[in-house]
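Here are my notes on this one, in numbered points. Have the model open while you read.

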Amino acid sequence: MERIILHIDMDAFFAAIEQRDNPEFQGKPIVVGGGEGNKGVVSTASYEARKFGIHSAMPIYQAKKLCPDAIFTKGNYHKYAEESVKIINICQTITSIVEPVSVDEVYLDISGSIPFFESKQQIAETLQNKILNELHLTCSIGIAPNKLLAKIATEINKPSGITIIEKNDVEKLFDNMPIEKMFGIGEKTAITLKNLGIYTSGDLGRFPESILVKRFGKFGKKLSYMGKGIDKSPVVPISSSNRNRPKSISNEITLLENTSDKERIKKILLKLTHKTSYRLRKKNASAHTITLKIKYDNFSVNTFNHTVEQAVNYDSEIYKIVINLFDKINLGFRKIRLLGIRLSNLEFAEDPVQLTIFSLYKKRFASISQAVDKLKKKYGERIINIGE
Ligand code: TTP
Ligand code: MG
């Protein structure tokens with residue numbers, strides 16, 4: 001059976017959410033991103049702001065030069081993540097084979113859904129309408145025999161478009177597609193390909209595979225497939241097998257040198273907080289009880305714990321509790337040899353979609369935890385090392 005893949009990409013995602021939630025932003029140039037003052041880069045810009053040449057990854061100060069009257073907002077990643085979850089939930093009403101690939105992009109394998117609808121076009125319209133009615137956001141959709149072509153299709157009519165690519169359209173489309181516009185081909189690869197006389201995706205498809213393999217190794221084979229519009233990768237649905245539930249999550253660290261330097265100890269506790277809370281979030285969990293363990297240079301051990309009514313799982317929340325516990329300790333003449341944090345009394349969110357979205361945001365933004373920017377400012381870049 002021929003596969004039918006649908007790709008969806010939200011229009012000006014973060015900016016559209018801000019426009020929806022702040023009616024005074026509607027129809028205006030909006031720029032989301034940046035940090036304090038003019039620091040940082042643009043996350044995204046509304047289509048009104050794009051007319052001035054503003055785009056993702058552009059430094060904020062440059063965007064301000066291009067359009068001083070634009071509305072600049074830092075953005076709220078938690079809110080965006082919640083919207084991503086809702087989008088996936090809506091996609092799952094069309095089929096269960098739904099794979100989120102970025103914060104605002106999803107693939108659906110709709111091969112089996114066709115009998116329930118009039119046409120591919122109608123599936124796309126249904127999805128667009130649901131998202132518009134329920135979330136008041138617009139999206140663009142591409143439908144094609146595979147993921148590669150579906151993603152290309154989405155880009156063709158943005159914003160709010162629906163584009164269907166059939167197998168027979170590929171040759172003409174690819175002959176008109178400059179090689180640097182092809183997904184998965186970076187700047188460097190494009191230069192190398194041009195040196196081989198490959199200027200369009202069509203050229204790539206016609207180029208002898210053996211030479212590409214010689215030049216690029218395994219990637220050469222993939223390139224050759226891409227040039228022919230072939231992509232055999234499946235849509236991998238979100239797994240619901242996250243049933244692995246620990247009783248507690250803990251991390252300890254033995255210090256290289258015993259110390260009573262409180263600032264140093266707090267930095268180490270921050271690192272430990274990142275580690276444990278990251279593991280906690282990966283399990284889609286939050287904790288009611290936070291325990292601080294301390295081993296002194298005389299090898300005696302103390303534990304201190306605090307239980308909260310509302311379970312926590314962000315670094316900032318957990319770190320605050322850890323520091324409160326630590327500040328109450330009277331070290332006296334003792335030095336600390338080992339520090340540990342244990343998160344227990346765990347509560348699990350069932351939803352694997354949330355977990356998937358969390359990891360996508362993390363991949364994109366280094367950390368979803370709001371605490372990170374604040375902590376970076378306080379302790380410097382190096383101490384912030386979220387992840388494992
Ligand atoms: P995109 O889908 O690339 O962009 P977009 O949705 O804003 O606009 P388009 O209509 O062209 O699809 O990215 C989705 C979100 O990811 C975007 O709203 C903000 C964020 N993002 C960044 O933070 N930095 C980046 O460099 C890019 C490309 C996106
Ligand atoms: Mg988008």
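Which atom lies 3.0 Å from a backbone N or O atom of M10?

1. An oxygen atom of ligand 1 does. Two side chains also make polar contacts (N or O atoms paired within 3.5 Å): a polar atom of Y47 sits 2.6 Å from a ligand oxygen, and an N or O atom of D104 is 2.8 Å from one. Of the 550 Å² of accessible area that ligand 1 has on its own, the protein covers 81% (Shrake-Rupley, 1.4 Å probe).

2. Before going further, a word on the basis: this is a predicted model, with local features needing pLDDT of at least 70, side-chain atom pairs counting only at pLDDT 80 or more, and totals for chains, interfaces and linings using all residues. Residues are numbered from 1 along each chain as written, chains are lettered from A and ligands numbered from 1 in written order, and side-chain values use heavy atoms, without hydrogens or water.

3. Back to the ligand: its shell holds 16 residues, with A12, T44, Y47, R50 and D104 the closest (a heavy atom within 4 Å). By type, they split into 7 nonpolar, 3 polar and 6 charged.

4. On the domains, the assignment gives domain 1 (1–164), domain 2 (170–227) and domain 3 (243–349 + 358–379); the bounds come from an automatic or database assignment. The C-alpha centres of domains 1 and 2 are 28 Å apart.

5. Domains 1 and 2 bury about 560 Å² between them, 97% of it on carbon and sulfur atoms (accessible area lost on being put together, 1.4 Å probe, summed over both). On the domain 1 side, L148, L149 and I152 lose the most area, together 71% of what that side buries.

Technical notes. A polar contact is a pair of N or O atoms within 3.5 Å; within protein, one must be able to donate a hydrogen and the other to accept it, and residues adjacent in sequence count only if both atoms are side-chain atoms. Ala, Val, Leu, Ile, Met, Phe, Trp, Tyr, Cys and Pro count as nonpolar, Asp, Glu, Lys and Arg as charged, and the others, Gly among them, as polar. Buried area is the accessible area (1.4 Å probe) that two parts lose on being put together, summed over both.
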